[in-house]
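Please keep the sequence and the coordinates at hand while reading.

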Amino acid sequence: MKKSTLSDPFKEAREGKGIGEMNDQDDPVKMVLGHKDVRKCAHNWKTFQSGGEEIGRIVVPSEVHIRDVRQIPFEVDPPEHKGYRALVEPWFKRPLEEEYQSKLTDIVNGVVEEALTKGSLEVVEEFSLKLQSRALTLLLNIPYEESELWISWGTHVFRSEDTALDGDKANILYDYIDAQIDKAIANPGEDLYSVLLASEANGKKMTKEEVKGVLILTFAGGRDTVINAVTNSIAYFADHPQSLQRLRDEPEIMNTAIEELIRYFSPLTQMGRVATEDTQVCEHAVKAQSRISMCWASANRDERVFEKPDEVVLDRKVNPHVGFGFGTHNCLGATHARQIMKILLTTLTEKVGSMEILDCKENIEDLDEFKRKVGFDNIQVKFNRL
Amino acid sequence: MAKITFITSNNKTIETEATSGSVMEVAVKNKVKGIDGDCGGVCSCATCHVHVKEEFWNAVGEPSELEADMLEFDDNVSEYSRLACQLKVDEVPDGLILKVAK
């Protein structure tokens with residue numbers, strides 16, 4: 001098996017009972033595994049809610065013990081959700097602008113050139129983390145130098161070596177965002193903090209708490225996910241030099257290639273919801289106030305929808321993947337993420353002849369009955385100039 | 001060359017002409033409000049949902065099974081719903097009129 005392979009640990013359970021179960025800090029989660037069931041649950045926000053009293057509960061692993069700020073718009077249900085989403089959506093579509101893309105190209109060029117100059121490097125810390133952090137300055141519209149601090153935090157904001165949830169580490173981020181908000185109040189600019197502080201949603205001026213909720217989501221939602229997507233892309237093209245060559249020869253398949261890599265990688269494994277009433281999924285009872293999760297990673301390998309689901313088919317034309325979620329809460333950062341992927345892949349085809357994985361340690365998520373490789377804890381890669 | 005007219009949800013009419021590509025691409029190029037085409041046309045994001053004007057429905061045809069599945073959970077779905085990314089310009093009838101769902 002190639003080092004870049006991400007296998008599908010859900011297949012048997014998906015085909016058998018359609019669900020999986022995991023115990024998350026004594027608050028069990030019923031994982032929905034099939035493509036159609038996942039989409040059905042994501043669509044049904046009345047029965048499977050994102051908001052609710054307990055903040056952080058829909059995240060798996062749950063963040064109820066380390067967070068009391070509601071992430072916005074993600075932990076709000078319709079109809080209030082709509083006002084928040086409408087406020088932030090145009091901002092998060094800025095990656096479609098040429099100027100944004102040109103700055104992002106400079107950032108990607110920077111990390112790729114560094115890799116080529118060094119010859120070999122550890123991709124998670126030295127490539128993906130840097131790329132993600134620097135790109136985030138564009139999304140927030142703040143000075144590039146700020147990324148140096150975030151890079152110094154390391155890849156995980158909520159996680160340390162020995163625990164999946166680390167309250168002290170999370171507080172570093174929350175305190176940081178508080179300070180940035182105060183800075184923006186004292187000295188408003190053109191950055192996301194200032195723009196939100198000056199905005200209204202659902203007919204009310206955004207509070208500091210709400211602005212913090214948007215920013216926590218922006219920081220947390222786009223960190224591991226982007227780092228995994230970038231790292232897995234490097235690993236994939238290192239293992240499949242013919243695919244890199246194909247993208248070079250057929251740049252017209254760039255779009256389908258990106259969507260296919262997102263499907264295959266599924267950087268976010270699952271996302272939870274809380275049932276508002278007694279209901280069922282796949283004929284399994286779900287009690288009111290208990291949690292389900294929509295397992296995007298499993299849905300994206302559903303053989304009823306995807307031919308050859310475990311293969312990367314770069315020119316897959318119809319690809320109804322749920323790698324960016326589905327329905328009301330689909331990924332706000334998807335436009336930014338897609339641009340990162342597009343510019344990264346384009347830059348690789350222009351500058352990199354081949355890559356070679358020298359050493360790596362897989363990052364395996366422990367989901368009780370399932371163990372899922374989501375990427376790498378570290379991966380040493382040799383870069384050869386074209 | 002096909003003439004395609006989009007009617008947005010705020011009742012603006014946008015007339016376009018195109019020879020190739022998907023109807024979603026034509027809409028994005030002409031900045032038709034309500035059609036985003038986020039996924040670039042692989043039938044994953046459903047941000048190019050349109051209602052085909054009834055008189056063109058037979059000529060345009062039914063969605064494929066996967067497309068129908070995507071539409072099933074979309075808002076404002078009707079019996080004339082299609083995803084514009086799955087409509088090819090050289091296969092749609094000339095003069096086609098589409099109402100943007102969003």
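How many residues does the contact take from chain B, and how many from chain A? The contact draws 15 residues from chain B and 17 residues from chain A. The model is a predicted one. Between chain B and chain A, about 1,500 Å² of area is buried, and carbon and sulfur atoms give 55% of that area. On the side of chain B, Val42(B), Leu66(B) and Phe73(B) lose the most area to chain A; together they make up 45% of what that side buries.

The residues of chain B that touch chain A divide into 6 nonpolar, 4 polar and 5 charged. Across the interface, 10 residue pairs are in polar contact, with both residues of each pair at pLDDT 80 or more.

Over all chains, the salt bridges number 37. In one of these, the side chains of Lys208(A) and Asp182(A) meet at 2.9 Å, N to O. Lys208(A) belongs to helix H9 (residues 208-221) of chain A and Asp182(A) to helix H7 (residues 167-186) of chain A, so this pair ties together parts that are 26 residues apart in sequence. Lys208(A) has a relative accessibility of 44% and therefore counts as partly exposed. Asp182(A) is likewise partly exposed, with a relative accessible area of 39%.

A further salt bridge connects Glu259(A) with Arg338(A), where the closest N and O atoms are 2.7 Å apart. This pair links distant parts of the chain: Glu259(A) sits in helix H12 (residues 254-265) of chain A and Arg338(A) in helix H14 (residues 334-351) of chain A, 79 residues apart. Are these two partners buried or exposed? Both Glu259(A) and Arg338(A) are buried.

The salt bridge of Asp302(A) with Arg304(A) has its closest N and O atoms 2.9 Å apart. Here Asp302(A) counts as buried, because its relative accessibility is 2%, whereas Arg304(A), at 62% relative accessibility, counts as exposed. Elsewhere, salt bridges that share partners join Asp8(A), Lys11(A), Arg14(A), Glu15(A) and Glu303(A) into one network.

Notes
Residues are numbered from 1 along each chain as its sequence is written. Chains are lettered from A and ligands numbered from 1 in the order in which they are written. This is a predicted model: local features need pLDDT of at least 70, side-chain atom pairs count only at pLDDT 80 or more; totals for chains, interfaces and linings use all residues. Side-chain values use heavy atoms; hydrogens and water are left out. A salt bridge is a side-chain nitrogen of Lys or Arg within 4 Å of a carboxyl oxygen of Asp or Glu. Helices (H or I, at least four residues) and strands (E, at least two) are DSSP runs, numbered from the N terminus. Buried means under 20% relative accessible area, exposed over 50%, partly exposed in between (1.4 Å probe, protein chains only). Contact means heavy atoms within 4.5 Å. Buried area is the accessible area (1.4 Å probe) that two parts lose on being put together, summed over both. A polar contact is a pair of N or O atoms within 3.5 Å; within protein, one must be able to donate a hydrogen and the other to accept it, and residues adjacent in sequence count only if both atoms are side-chain atoms. Ala, Val, Leu, Ile, Met, Phe, Trp, Tyr, Cys and Pro count as nonpolar, Asp, Glu, Lys and Arg as charged, and the others, Gly among them, as polar.
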